[in-house]
Amino acid sequence: MIETLTDIFTSRHWQGTLPFIWRGLQLTLYITFVGVIVGFFLGTAAGLARLSKSKIIYGLATIYIELVRGTPILVQALFLYYAITNFGIYFDAITAGIIAIAINAGAYIAEIVRGGVESIDKGQMEAGRSIGLSSVQTMRYIIWPQAIKRMIPPLGNQFIISLKDTSVFAIISINEVTFLMRQYASSSADTLVPYIMLCLAYLIITIPSMVILRRIERRLDV
Amino acid sequence: MIKVTDLHKSFGDLEVLKGINAEVREKEVVCVIGPSGSGKSTFLRCLNLLEEVTSGEVVIDGESLTNPKININKLRSQVGMVFQHFNLFPHKTVLENVTLGPIKVKDTPKEEANELALQLLEKVGLSDKANSYPNSLSGGQKQRVAIARALAMNPKVMLFDEPTSALDPELVGDVLEVMKELAKEGMTMVVVTHEMGFAREMGDRVIFMDEGVIMEEGIPSDIFDNPQNPRTQSFLSKVL
């Protein structure tokens, strides 16, 4: 229980949590960055597959996207860390976390990619083809550079979502920032300050990201 | 140069072209006129396979488009296309719009492609816009860049799909002027157009299409002054 307001402000845990916040946040960011970058390539492949005329390629991409989007990331993490060992596959916790972020971000990014490419006027493909470019060349030189610009805002959002998603990995004992603050809270018996610090730790990343995103969005509008 | 035999094109159950036979000789300017929905744009788009042909044959310069073994990219590079809505590449400068084809399709060295592009832009009166982006141009300027882009591939035939229909009336003239220039130089052209003045003045032949077939064709003075088919008569009485 909090005795007085002053107790909160003078709590030694403000300082005490800092090294853990710093350490945990590094791992959180590492998992997020690696996961989202891998997810971007996965998502690009799946997104382009969703645009394919081949029913098999389209079908495989659709199955992947729906499976991942239809299950909670927490369950996916448990699956990748525990269940999969039954097949003789062992991931350490961090690897399992990165894979979970990557397949998740990938599934959502696939739809971002598909939407981005579909938003480009059909006449662009026709114009590219009519000067003799192949469909792959037209995609590479004409469609993709235009589509990627439109994809930047939703990709930024996905980064923020993935960053927050990493907090569930406390359940598979990854030493990311949420896990460390839970530990701190239970060992210090202070349930307020560590969790305030935890919120601040996320906000210090997410708010500037959102501000930057909004600025990019405004510039792209012109 | 172009020979079309019994061309059919359907979109699902809707048959848009119902057996087109037509020929375009070298250096000839053929204008295709007709009401909206008559299939004239689809016909034009079949000539470079932007629309897949349902049945029939299209032969361009001795090569059959309907032959599955044909290198469609190579063929398209020899057939220039100008669209109603320009379809310039907005992320590239005017110069890059024109040089992209030569550099990527024909492996022309960049300096050479730039030189050629500047000549073509000069020709369409836009050399001062080489480093501008398409969005800063007027519709008429965009369409002239699009013509230069198509010409950069040194095509044997130029297809125009209602090139002035999306333009403000005062900008139509500049584009038509460029097209007349091309015609005078002996370019083989197929022009789908609502500009009856252009068809009459520049067309060697006029094709009138309605309901997916060619209703009437002939030299402009015959078609415009003495149409035989009642459909042609009724169409022309509305537009002239």
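Q: Which side chains meet in the salt bridge across the interface of chain B and chain A?
A: In this predicted model, the rule finds 1 salt bridge across the interface of chain B and chain A. A salt bridge requires a side-chain nitrogen of Lys or Arg within 4 Å of a carboxyl oxygen of Asp or Glu, and the N to O distance here is 2.6 Å. The side chains that meet in this way are those of B:Arg45 and A:Glu126.

Q: How many nonpolar residues are on the side of chain B that touches chain A?
A: Helix H2 (72-77), strand E6 (79-82) and helix H3 (94-105) of chain B each give two or more residues to the side that touches chain A. By class, that side of chain B has 6 polar and 5 charged residues, and its nonpolar residues number 11.

Q: Which element supplies the largest share of the lining of the largest pocket?
A: The largest pocket holds about 960 Å³ of space, and A:Lys53, A:Lys122, A:Met125, A:Arg129 and A:Ser135 are the lining residues that lie nearest its centre. At least two lining residues each come from helix H5 (93-118), helix H6 (122-130) and helix H7 (135-165) of chain A, and also from H2 of chain B. The largest share, 4 residues, comes from H6(A).

Q: What is the volume of the second largest pocket?
A: Among the 19 residues that line the second largest pocket, A:Gln146, A:Arg150, B:Pro90, B:His91 and B:Asn135 lie nearest its centre. H7(A) gives the most to this lining, with 3 residues. The volume of the second largest pocket is about 550 Å³.

Notes:
Residues numbered from 1 in each chain as written. Chains lettered and ligands numbered in written order. Predicted model: local features only at pLDDT ≥ 70, side-chain atom pairs only at ≥ 80, totals over all residues. Heavy atoms only, no water. Nonpolar A, V, L, I, M, F, W, Y, C, P; charged D, E, K, R; others polar. 1 Å grid on protein atoms, 1.4 Å probe; cavity = no way out; pocket = protein on both sides within 12 Å on 5 of 7 lines; lining within 4 Å. Points joined across faces, edges and corners; volume = space filled by probe spheres on them.
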